[in-house]
Structures are given as structure tokens and as C-alpha cells.
Amino acid sequence: MDKVLLKCRGISKRFSEVIAITGLDLDLNHGEIVSILGSSGCGKTTLLRLIAGLEKPDEGSIELEHKRLFGKDINVPPNKRGLGMVFQEYALFPHLSVRENILFGISTLSKKDQETKLKKVLDLTRIGKLISRFPSELSGGEQQRVALARTLATEPSLLLMDEPFSNLDASLRGSVRNEVRGILRDSGSTTLFVTHDQEEAFSISDRVAIMVDGNIQQIDPPDKIYFWPNTKKVASLSGSCDFIEGITKGESIETSLGSIERRTHSMMENGTNVVVAVRPNDFVMTPDPKGNNVVIRKEFRGDDTLFWVKTRSGETIRCKHKIHTTLFVGLRVTLAPEKYVKFNAFLK
């Protein structure tokens, strides 16, 4: 069996003078969870709506299980595409109970089949005790699971989720995310998930697609996105990141923080001016009255403390540490790369 479930080729969409999607290609494999990660306005929700059939592309083609959903002279209606969608606001019917909400999408089936599917999704999402309640009687996390159960009951070929955790309190988001990830794994659902939250994307996904200005700049497993970003923008979107200037020299880069090791030895000649991505965990900070760097800001965050440090060249980087919480603004420090850390460099 071909492992590719969804295939998008050359997708473009414009709204008046605004280019939302431009020449986008995307493959999604059977049973895979893929997140589209990008900042607001990058086109990620538009992409979901184009796949769902809620918007019509200007160009390109969309195939699901080798069936053309959109292309030349064809545009399959949303209700005929075999897709399920969980919206940001859940879209539960307030006048229907949990049971009635779930059965709504499968009401054309026989009563026996309805009950079979209902039991299956209730067990899967662990909401059996909520079956008689109404949406107004549910917490945000419970509403999320009901919305997911209602969609899974239709057994969609592909599940689309648009910022599904954005309406939840920060204290709930992590636990609900873990629950949803378990449900998706247990159900074997192929899922395309849209978010602007890097932690959400990394924790729930097999692969993450970084979207910038209407196109995908990189799609890879989360750890590769984080450690091997192929552009400066991908580095920024995949986690906290600062940039310092440098000049390539063999396998190293000469910077205001000294000589540091390059992660990739791509085709950059010696003496090439670059910018180097620096993560908050990349450098060890040590108090030193003769240090060339100065702490200019400190932020205690409970589990760790984040320091803003100005280098001798005037550049600023962030350093995160679980120790040294008593260090203060104005302190001089030395900075040395953590053991085994290598750095990604990009052309200026």
C-alpha cells in the first residue's frame, strides 16, 4: 500500500491583493500526525480550509487516497471528501447532549451501527460518564474530547484540527494535549494539526511543517527541525533563539563569544559572513570579574532562570540555567559553549 494518504501539489490561494498560499507542496502519510507550525497570518488555517473544501484554491491539485479532491475541472464538495474537522471553538450544538452531538454526524446509519460507533468513541475518548450532559455543563477539556469523539465517529480518512487547544487555560493545555495525542494514537487517525505554539507542535507530532509566508520551508521530525533548521526563520519558529554575527573558518565560526563549532559544513567558503543561531541552553554562564559579557536582565521562572547577557560586541543572547539564580544584573560573566553543542549558521 502506498504510504501517502494526502498529496497537495502547487497549491496557491489569493484573497484580493493578499497572497495566502503560494505553490505549496505537502504529503501526509497514513497514520501520521503532522503539525503545521507558523505565526499568525502565514496561511496555515487557509491551507486547512483548502484541503477541507471550505475554500477553493486558485491553482494546484489535492488528492486523498489517490482520489482527486481538487484539480482541473474537479472540486469535490466538503461533505463528500471523507474528512473530519475539529474547529478552534469546537462547534458543539448547545441544545444537544453529548450523546446527541456525537450521533449527529452518523444519523444516516442504522440504529445498531450508531450504537456500535458511539460505544467505540466513548471508550476511546473516555467520556462515557458525560453522555447525558450538555456543552454548557462541560469544562473546556471535556468539550474538546466531545468534539473529537463526534468527528472520529464518522471514521474520516483524514482528521483536520485548527488550533484545538487555543481556547483552553494554560494550566489545562498540557494535560488535554496529552489526552488528545493518546486518543489519536489509539484510533490510528491520520491528522493534520495547525498551531502557532512550538511546544504543542513538537509534543504531538511525528513531523512538523514550518510555514512562512504561504509556503512550507521545512518539514521534518521535531528534533530535526529544532537541531537542524534549514533557514533562519525555521530556527526562530522552532524555539527560543537569538542570533549573533560570525565569520566561517573551516569547521568553526569566529564570533564575539570566541570560536564555536559549526553543526553543518555546507558550502560556505572561509571568511563567509554569517549569522549564528543561539539557543538559551547553548552556553554556560560563569561569574568572572574579568568577563567580557554583562548580565543586563534577569527573569525568574520557577524551574529555571533566564538571563539576558550583552556580549563584548554589544550583541544580546539569552541563557537559561537552573542554578545561579542569585546572579544579578550588572554582573560580569564568561560564556562557554555547553559540551557537544554545535551551532547552525546562515548567510547574512
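Helix α1 (residues 44–52) is largely enclosed by the rest of the structure, because 7 of its 9 residues are buried. The model is a predicted one, and a residue is called buried here when its relative accessible area is under 20%.

**Helix α1 and what follows**
- The buried residues of α1 are Lys44, Thr46, Leu47, Leu48, Leu50, Ile51 and Ala52.
- After α1 comes Gly53, a residue whose phi is positive and lies near 90°.

**Domains**
- The domain assignment of the protein gives two stretches, with domain 1 covering 4–81 and domain 2 covering 98–159.
- Between the C-alpha centres of domain 1 and domain 2 there is a distance of 27 Å.

**Helices α4 and α5**
- Two packed helices are described by the angle between their axes and by the distance between those axes.
- For helix α4 (residues 140–152) and α5, the axes come within 10 Å and cross at roughly 15°, which means that α4 is roughly parallel to α5, since angles under 35 degrees are counted in this way.
- The crossing of α4 and α5 is right-handed.
- On the side of α4, the contact is made by Gly141, Gln144, Arg145, Leu148 and Leu152, while α5 contributes Val176, Glu179, Val180, Ile183, Leu184 and Ser187.

- Strand β1 (residues 4–15) and strand β2 (residues 18–29) run antiparallel and are joined by 8 bridges.

- Strands of a sheet pair through backbone hydrogen bonds, and they can do so in either a parallel or an antiparallel way.
- An open sheet is formed by 5 strands in the order β14-β13-β12-β15-β21, and the pairing in it is antiparallel.
- Because β14 and β21 (345–347) stand at the edges with a single partner strand each, one side of each is left without a neighbour in the sheet.
- On average, and with direction ignored, neighbouring strands of this sheet are turned by 45° against each other.
- At one end of the order, strand β13 (residues 252–255) and strand β14 (residues 258–261) run antiparallel and are joined by 4 bridges; Glu254 stands opposite Ser259 in β14, and the two strands form a hairpin with 2 residues between them.
- At the other end, strand β15 (residues 273–278) is joined to β21 by 3 bridges, again in antiparallel fashion, and Val275 has Phe346 of β21 as its bridge partner.

- Most residues other than glycine have a negative phi, and the two residues below have a positive one.
- Glu163, which is not a glycine, has a positive phi of about 45°; this residue is placed in the loop between β8 (158–162) and α5 (170–187), and Glu163 is buried, with a relative accessible area of 9%.
- Asp213, also not a glycine, has a positive phi of about 50°; this residue is placed in the loop between β10 (207–212) and β11 (215–220), and Asp213 counts as exposed because its relative accessibility is 64%, which is over the cut-off of 50%.

Conventions. Residues are numbered from 1 along each chain as its sequence is written. This is a predicted model: local features need pLDDT of at least 70, side-chain atom pairs count only at pLDDT 80 or more; totals for chains, interfaces and linings use all residues. Side-chain values use heavy atoms; hydrogens and water are left out. Domain bounds come from an automatic or database domain assignment. Two strands pair if DSSP finds at least two bridges between them. Buried means under 20% relative accessible area, exposed over 50%, partly exposed in between (1.4 Å probe, protein chains only). Axes are lines fitted to C-alpha atoms, for helices over the stretch in contact, and angles run from 0 to 180 degrees between N-to-C directions. Angles under 35 degrees count as roughly parallel, over 145 as roughly antiparallel, 65 to 115 as roughly perpendicular and the rest as oblique. A crossing is left-handed if the near helix is turned anticlockwise from the far one by less than a right angle, and right-handed if clockwise. Contact means heavy atoms within 4.5 Å.
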